[in-house]
Amino acid sequence: MRKYLLRDIYNKMTSRKLKVLAIRSLDSLGVPIYRIGLDTNNICNLKCIMCYMSLPDYEQKREIMSLHLFESIAKQMFRRVTLLDMSCGFEPFMTRHFLDYLRTARKYCKGYIGVCTNGLLLDEAKVHSVVSEGLLDEMNISCDGLTEATYDSIRGRGNFSTLLPIFDLINENKQELRVNKPVVRLNYTMMRRNVEELKHAFDFVKRYNIDILQLRHARFTKPFSALFNESLFYHQELSDTVINKIIYDFEKDRNRQLIHPPLFSSSADAVASKSVCAYPWFNFTISSDGTVKMCNIGCVGNCAKQSFQEILRSEQVRSIYRHLMKGRHAELCENCTTVSDMGSVKERTTFIREDLQPDCL
């Protein structure tokens with residue numbers, strides 16, 4: 001099934017009740033409907049300047065999901081999954097023998113499997129295995145600068161000269177094996193210090209045969225007050241000028257896709273309505289300790305202690321669904337940006353939240 005087919009149908013519906021009915025009907029018919037994000041660890045090899053893991057007071061006990069627990073989860077639910085993200089907020093290749101987790105995921109999941117990585121721990125053997133065994137449909141590589149000086153200044157412990165050959169390795173293996181997967185997506189978090197380099201983004205993605213360029217605005221919370229001026233909310237004209245140039249460049253090549261946030265100058269700044277959202281019925285994340293979170297609402301169980309079906313049938317989950325069906329979503333979904341990725345670009349609070357601490361502190 002095409003990756004975005006169900007999403008496109010879902011987006012055309014204007015009623016939460018209708019969406020929930022469709023989701024439940026498809027699930028009862030055995031159609032994979034779940035979107036799962038899963039972390040096999042809670043660690044990273046970098047200390048990016050805008051990430052809570054770079055803060056001096058950040059401490060967290062390392063947690064690696066065992067392959068045994070992962071396979072148990074896979075057996076229970078992956079056949080019902082249409083989109084599986086094998087990383088949410090950490091570096092997946094920090095998990096020892098991560099390729100075995102991918103092999104297990106591919107064994108049980110017939111849906112679309114992707115991974116988000118900084119790419120720096122990949123090597124020739126890992127890339128060859130991913131490509132030759134068809135382990136991934138998509139590889140999202142985070143890269144927040146198109147020059148060594150900028151990239152290295154943002155990605156603490158990162159090395160731009162180490163990353164670039166990885167793109168070549170992926171392309172060489174795909175060409176040699178005559179396959180077009182994994183699709184390569186470049187995730188770029190925009191801020192003042194790196195936005196102007198995007199004027200050359202099209203040349204970069206063409207040189208390294210990148211399929212998708214996804215642009216996101218950096219968002220900052222209270223501990224990052226020193227970086228607030230990096231937010232493009234304070235550099236709106238520059239941001240729009242750069243994005244308009246990228247749009248123009250990408251129109252020349254229909255084989256590559258550009259995903260970008262709304263322009264500051266755009267009159268159409270629509271944010272998806274939470275009142276008709278049904279994501280809590282199919283969107284879950286699983287942490288390395290087995291904790292299951294429903295959408296952006298919070299913890300609803302643990303796969304190390306309960307089956308996924310037991311979690312779905314729990315009184316906690318049923319209560320959340322009852323509240324949502326009655327339209328009581330304001331408190332549950334107050335800070336959620338799952339559907340729109342971000343709020344209105346007209347509001348400063350979309351980019352800077354001085355009242356919030358990072359979730360993992």
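Predicted model: local features only at pLDDT ≥ 70, side-chain atom pairs only at ≥ 80, totals over all residues.

Visitor: Okay. How many strands does the open sheet have, and in what order?

Guide: The open sheet has 10 strands. Their order is β10-β8-β7-β5-β4-β3-β1-β11-β12-β13, with mixed pairing.

Visitor: Which are the edge strands?

Guide: They are β10 (257–259) and β13. Each pairs on one side only.

Visitor: And what does the twist average?

Guide: From one strand to the next, the twist averages 20°.

Visitor: Which strands does α3 touch?

Guide: α3 packs on the sheet and touches β1, β3 and β11 (283–286). The direction of α3 makes about 175° with that of β1.

Visitor: Now the other sense. Do β12 and β13 run parallel or antiparallel?

Guide: Antiparallel. β12 covers residues 291–294 and β13 covers residues 298–302, and they pair over 4 bridges. K293 faces C299 across that pair.

Visitor: How many residues sit between the strands in that hairpin?

Guide: The hairpin has 3 residues between β12 and β13.

Visitor: What about N209? Where is it?

Guide: N209 is in the loop between α9 (201–207) and β8 (212–217). The phi of N209 is positive too, near 55°. With a relative accessible area of 31%, N209 is partly exposed.

Visitor: Which peptide bond is cis?

Guide: Look at the bond from K181 to P182, with omega near 10°. P182 belongs to the loop between α7 (160–177) and β7 (183–190). As background, most peptide bonds are trans.

Visitor: New topic: rings. How many aromatic pairs are there?

Guide: The count comes to 21 aromatic pairs. Take F70 and F78: the ring centres are 5.7 Å apart and the planes are at 75°, so this pair is edge-to-face.

Visitor: Why edge-to-face?

Guide: Because the planes are at 75°, and angles over 60 count as edge-to-face.

Visitor: Are F70 and F78 buried or exposed?

Guide: F70 and F78 are both buried. They also belong to a cluster: ring pairs link F70, F78, F93, F98 and Y101.

Visitor: And what kind of pair do Y279 and F282 make?

Guide: A tilted one, because their planes are at 50°. The centres of the Y279 and F282 rings are 4.8 Å apart. Y279 is buried, at 7% relative accessible area. F282 is buried as well, at 12%.

Visitor: Which charged groups sit over rings?

Guide: Two cases to find. The charged end of K19 sits over the ring of Y10, 4.1 Å from the ring centre. R207 lies over the face of Y208, at 4.2 Å from the ring centre.

Visitor: Let's pick R80. Buried or exposed?

Guide: Buried, with a relative accessible area of 11%. R80 lies in the loop between α3 (67–77) and β3 (81–85).

Visitor: Which side chain makes a polar contact with R80?

Guide: The side chain of D27, at 2.9 Å. Leaving out residues up to four places away in sequence, R80 touches D27, P32, I33, Y34, F308, Q309 and L312.

Visitor: Last one: where is I212?

Guide: I212 is in strand β8. I212 counts as buried, at 8% relative accessibility.

Visitor: What is I212 in contact with?

Guide: Setting aside neighbours within four places in sequence, its contacts are E138, V183, V184, R185, L186, Q257 and I259. Also find N255: 43 residues separate it from I212 along the chain, yet their C-alpha atoms are 9.1 Å apart.

How values were computed:
Residues numbered from 1 in each chain as written. Heavy atoms only, no water. Pairing = 2+ DSSP bridges. Helix = DSSP H or I, 4+ residues; strand = E, 2+ residues; numbered from the N terminus. Phe/Tyr/Trp six-rings, centres within 6.5 Å; stacked < 30°, edge-to-face > 60°. Buried < 20%, exposed > 50% of the residue type's maximum accessible area, 1.4 Å probe, protein only. Lys NZ or Arg CZ within 6 Å of the ring centre and 35° of its normal. Polar contact = N/O pair within 3.5 Å; in protein donor to acceptor, adjacent residues only side chain to side chain. Contact = heavy atoms within 4.5 Å. Axes fitted to C-alpha atoms, helices over the stretch in contact; angles between N-to-C directions.
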